[in-house]
Each structure stands twice: as structure tokens, then as C-alpha cells.
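Biologist: Please take a close look at a single part, the aromatic pair. What describes a pair of aromatic rings?

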Amino acid sequence: MALNQTAAAPSHKMRRCLLMAFALIALAITALPTASFAGTDTAGNVLATDNDVDPSGVEGDLYWAGQALNLDDASIDRDIIAAGDTLSIRDCTVGGAVRLAARTIDIAKTTVDGSVTVVGQHVVLNSDSTANCFYAIGETVALHGSTKSAALAGNTVTIDGTVEGDVEVWADKLILGKNAHITGTVNAHVSEDPERAAGAEVGALKIDRTENEDTSTVNDVIGGIVAAALSTCFVALLLELVFPRATASAAGMLHQRPMPLWVSGLLSTIAIVPAVLLLIISIAGLSLAGALLCGVIGIALVSSALAGCAIARMVGHSQNRYAMAAVGGIAAGALTAIPLVGDFISGVTFVFTLGYIIQIIWRNAHLKPQQAANTPGLPSA
């Protein structure tokens, strides 16, 4: 379903989560070794980085990753897929779609036959640029060019160009410039009334007022904490029942050798995003990327329960293991549901769980079965 046909507007919290996720993608891509993938395949697709000369003509797709892309007066027969810190596309023709993730994105005097889908901090589709559809998420989003439809989300969204159809906007502030010419309906999900300059032409303007303030009551917060504590407690008891040696080894590893666990967990967390993106770009690795994402989701679902259970068993090693698993699960679930600090606690438990899994895989792969059985904090093979 197209973005401009979405029935329900995403919340501000969801928008911020999307921004953080795509910002992490851009940051991870820029950290990749720039010489890791460069060249042209048999289908005419070009894979380039900062170290390569900007291509002037590409018969297939252009894949690019690095710090700064300045694509000027180039012809791309199919798609552009790029990520970095600063992406600038000027005086170009693109036969397919454009998909970009960066801190700053500037598209000017460029014709795109397909859609433009971009995510960044500052996003601009400048004058004299045309696209079939323009989908953008950013802190500031500006549409000065021409498109047939648009879906825009950001703190400040400016429309000062031509849209030959409907526009969906999710923003704190919407600005309709004097050059705005929109033949369809602007569905604005905004927290304040749009600013409409004299001369702006809009077929219809529908405003759905949203609030920035958190309207949740104290009872809602308490209810969420209780629900999270009980659900995490259940998962922790289930882990203790089905995988008692895993919870015991996690507790032992946390007590005896915590540094390798945390370091491997942190490095693996950082590596997940570029690994998934490279698998997706390789096309042949789409199934592997899906499997990796499913694994990450599974780890995230049990991470709080495993971390709480392991910490509780480490502290109360002489107590009943089921009682300690329940206590640890309740504490971990409650902490992850607390506003403001809950996301940080969830991230810490995810790093812990991923680090534990990496340590188990690493040690089982490098130690003999008998050595693995005698290693403290490690379940025997």
C-alpha cells in the first residue's frame, strides 16, 4: 500500500523511532571500509564508495556508501541506492527509483522516473526536480520540486512546490509556501495549525490535530509496568524450566568473565545493521537477511527475561532457582517499562543476551568438548 494511502497516522514516538533506526543505518554504512565493495557487475550495476570516481553514466543500478556523495550531471538508467553523511544529486536523470539515507540530502535539477524515498536529518527536493512520488522522513523536510504524490514526516515540513495529487503529512509544523500548488488533498496530522502563505494553492486541506505532550495517565504507566513485569516473569520462568543450564552459564559468565561478554555483545549489536544491509544489497542474501532479522527479533523478545534471570541467579546463587528467576523477570520487566529509562534498559539487556550467545558460539567453536565442559560459566557441549 502506498504511503499516501495509509489509513492511520503514525504517532510521534513511532516517527522518532524510524528516524533513529535509519540514522543508525546511515551511520553504520559510513563506518564500513570504503574499499570493501567497488566495481561493476555483468548487469551494469555499479557499486562505489568515496574512493571511486563519481560515475557519469550507469546502465544498471548505482549502489553507493561513504561520507559524501556529489553526483553531478550523471545518467542512471535504473535505481540509486545510497547511504552516507551528505548526499547531493544535481542535474541528473534517473530511470528508476531513488532510495537514500543520510544526515543531509539535497536533490536539485534532477528528473526521477520512479519514486524518491529518503530518510535523513535535513531533506530537500529542490526546484526544477521532478519525481513520480516523494516519500521523506527527517527533522526538516522541504519539497520545492514537482511530484505526483507525497508522504512527508518530520518536525518541520515545508511544501513550496507542485504536487499533482494528494499529500500525507505528519509533522509538528507544516508550512505551505507561496509557490505551493497542490491539486489534491493535504491530510495534515500536525500539532499546530499550518502556516499558509498568500498564493499557496491547495485543493483541500484536512487537519488532524495531534498533541506533543504525553497524555498517558499515572494509571496507564503503572498498568504498563505491571503488565511488562508479569509477562517478563513468565518468560524468565519458562527459560529457567526449559534452559536451566543456559541461565546458569549466563549467571556464571556475568560473575566471572563479564568483560568479553559485554564487548562481544556491543560489537555484535553495532555489526547487525551493516550486515543486514549488505545482505539486502547483495540480493542473493535476502533470505539470509530475513533469517538474521528474525534471529535479532527473537533475541530482543527474550533478552530482558534472560538478563533478569541471570542477574538474579548470580546474586541469589544459593536460593531456589525458580524463585530467583521470577524475581529477576519481574525486576527486568518493570525496569524496561519505566518511561525515559526503559529503552536504555532494554538496549542493555539486548547487548547482554547477544554477547552471551556470541560467547557460547565462539567458545564451542574453539574449545574441545571436554574443555568446554570444564569452562566456568559455559554449558557443556
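Modeller: Buried means under 20% relative accessible area, exposed over 50%, and partly exposed in between (1.4 Å probe, protein chains only). This is a predicted model, in which local features need pLDDT of at least 70 and side-chain atom pairs count only at pLDDT 80 or more, while totals for chains, interfaces and linings use all residues. Residues are numbered from 1 along each chain as its sequence is written, and side-chain values use heavy atoms, with hydrogens and water left out.

A pair of aromatic rings is described by the distance of the centres and the angle of the planes. Rings of Phe, Tyr and Trp (its six-membered ring) pair if their centres lie within 6.5 Å; planes under 30 degrees apart count as stacked, over 60 as edge-to-face and the rest as tilted. Searching the whole structure gives one aromatic pair. Its members are Trp262 and Phe352, tilted, at 5.7 Å centre to centre with 50° between the planes. Trp262 belongs to helix α4 (residues 258-281) and Phe352 to helix α7 (residues 342-366), so the pair ties together parts 90 residues apart in sequence. Helices here are DSSP runs (H or I, at least four residues), numbered from the N terminus.

Trp262 is partly exposed, at 32% relative accessible area, whereas Phe352 is buried, at 2%.

Trp262 also takes part in a contact (heavy atoms within 4.5 Å) between helices: Met253, Leu254, His255 and Gln256 in α3 meet Pro258, Leu261 and Trp262 in α4. The residues of this contact of α3 with α4 comprise five nonpolar, two polar and no charged. Ala, Val, Leu, Ile, Met, Phe, Trp, Tyr, Cys and Pro count as nonpolar, Asp, Glu, Lys and Arg as charged, and the others, Gly among them, as polar.

How values were computed: Helix = DSSP H or I, 4+ residues; strand = E, 2+ residues; numbered from the N terminus.
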